[in-house]
Amino acid sequence: MPISLDELFERWEAETDPSASTLSSWRGIMRDLKSFVGDKADDITRITAEDIVGWKDKLVKANKAAATISRGYLGCARALLRFAVANKLAASDPSQGIKVARKTKAGKKMLGYSGEEVARLLDLASAAPEPWKKWLPWLAAATGSRIGEVAQLHFSHVFEEDGYHVVKITPAIDAGSIKNAESERTVPIHPALLAAGFLEFVAEKGQGPLFYGRSSGDPKRKHASKGVANRLASWIRANGFSDRRKAPNHALRHWFKTEASRVGISDSVADAIQGHTDSSSSGVYRHIGVALMASALEKIELPPRRGVSLDA
């Protein structure tokens with residue numbers, strides 16, 4: 001019996017339990033693919049490689065970024081169609097081998113903030129009365145975290161371990177999510193945050209989420225912390241951080257990685273702090289402890305001294 005793209009998506013969703021943000025973006029991609037293939041969407045075995053190529057070409061003509069097409073649109077289609085093959089719902093994956101040839105042009109690559117920009121942003125944050133404006137830029141700069149990871153922190157995620165004050169980066173108890181298994185980690189709190197009164201803020205805030213009121217608890221809906229992260233990005237843009245190559249929140253993550261390299265922190269330790277996957281063959285056996293991370297974080301000056309360059 002034929003299976004439709006909609007039915008395939010439902011089966012994939014039930015088995016993989018994706019995050020709300022993935023569901024939201026992939027549903028949109030599926031609507032676009034269904035519109036392109038027409039009545040073939042009612043029977044996935046009728047979708048051909050030529051259909052996928054035509055869809056890809058349409059996206060290219062619409063000036064979608066190569067990375068967006070490759071990782072987003074084709075990535076979604078490929079995951080679903082491979083799922084169909086693995087579950088004997090189709091004999092082959094028509095998306096196999098189809099790629100976007102266009103490369104990112106010079107002048108388009110995303111960049112990190114400079115030390116001066118981080119210092120300016122942290123000055124702005126320190127003067128802000130709202131907790132999410134004040135603490136999220138500091139947390140992102142001090143840990144290299146994705147802003148969504150720290151935006152969903154709860155009171156219970158801040159505690160003491162092995163003599164260090166730490167934050168636990170983990171899915172929020174009200175259906176929050178993080179990128180992958182490697183993203184879950186315990187990170188020491190940078191001395192600059194301790195000096196600025198972060199622990200006092202947490203104690204005063206009390207039980208519950210630190211930066212949002214409450215979330216629906218429905219894993220199929222976007223978590224409330226996503227709205228906080230989006231408002232923070234808009235606030236940063238409105239305060240003069242207008243370079244389109246520097247994502248207002250994520251440029252802090254880029255800066256942290258660059259700064260870690262500048263001050264001599266090894267990639268493996270920086271990856272552990274940031275929740276990056278260690279791609280080396282030995283990475284699966286390496287476990288970076290809180291003490292080693294704390295020692296590394298002490299090398300990162302916050303706020304950065306203005307004028308310090310990568311070659312300093």
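How many helices and strands does the secondary structure of the protein come to? The points below answer this and then turn to individual elements.

1. Overall content. The model is predicted. Its secondary structure comprises 13 helices and three strands. Of the 312 residues in the protein, 45% are buried.

2. Surface and contacts. Where contacts join residues at least 6 apart in sequence, 64% of them link residues at least 24 apart.

3. The sheet. Three strands form an open sheet in the order β1-β2-β3, and their pairing is antiparallel. The edges are β1, covering 158–161, and β3, covering 185–188, each of which pairs on one side only. On average, neighbouring strands of this sheet are turned by 45° against each other, with direction ignored.

4. Pairing of β2 and β3. Strand β2 spans residues 164–169 and runs antiparallel to β3, to which four bridges join it.

5. Helix α13, made up of residues 290–297, lies across β1, β2 and β3. The angle at which α13 runs to β3 is about 45°.

6. The pair α5 and α6. Two packed helices are described by the angle between their axes and the distance between the axes. Here, helix α5 (residues 115–127) and helix α6 (residues 131–143) have axes that come within 7 Å and cross at roughly 150°. Angles over 145 degrees count as roughly antiparallel, and α5 and α6 are therefore roughly antiparallel to each other. Their crossing is left-handed. On the α5 side, the contact is made by Val118, Leu121, Leu122, Ala125 and Ser126. On the α6 side, the residues are Lys133, Lys134, Pro137, Trp138 and Ala141.

7. A lysine in α3. Is Lys56 buried or exposed? This residue is placed in helix α3, which covers residues 49–61. Buried means under 20% relative accessible area; Lys56 has 13% relative accessibility and therefore counts as buried. With neighbours within four places in sequence left aside, Lys56 is in contact with Ile69, Leu74, Ile98, Lys99 and Val100.

How values were computed. Residues are numbered from 1 along each chain as its sequence is written. This is a predicted model: local features need pLDDT of at least 70, side-chain atom pairs count only at pLDDT 80 or more; totals for chains, interfaces and linings use all residues. Side-chain values use heavy atoms; hydrogens and water are left out. Two strands pair if DSSP finds at least two bridges between them. Helices (H or I, at least four residues) and strands (E, at least two) are DSSP runs, numbered from the N terminus. Axes are lines fitted to C-alpha atoms, for helices over the stretch in contact, and angles run from 0 to 180 degrees between N-to-C directions. Contact means heavy atoms within 4.5 Å. Buried means under 20% relative accessible area, exposed over 50%, partly exposed in between (1.4 Å probe, protein chains only). Angles under 35 degrees count as roughly parallel, over 145 as roughly antiparallel, 65 to 115 as roughly perpendicular and the rest as oblique. A crossing is left-handed if the near helix is turned anticlockwise from the far one by less than a right angle, and right-handed if clockwise.
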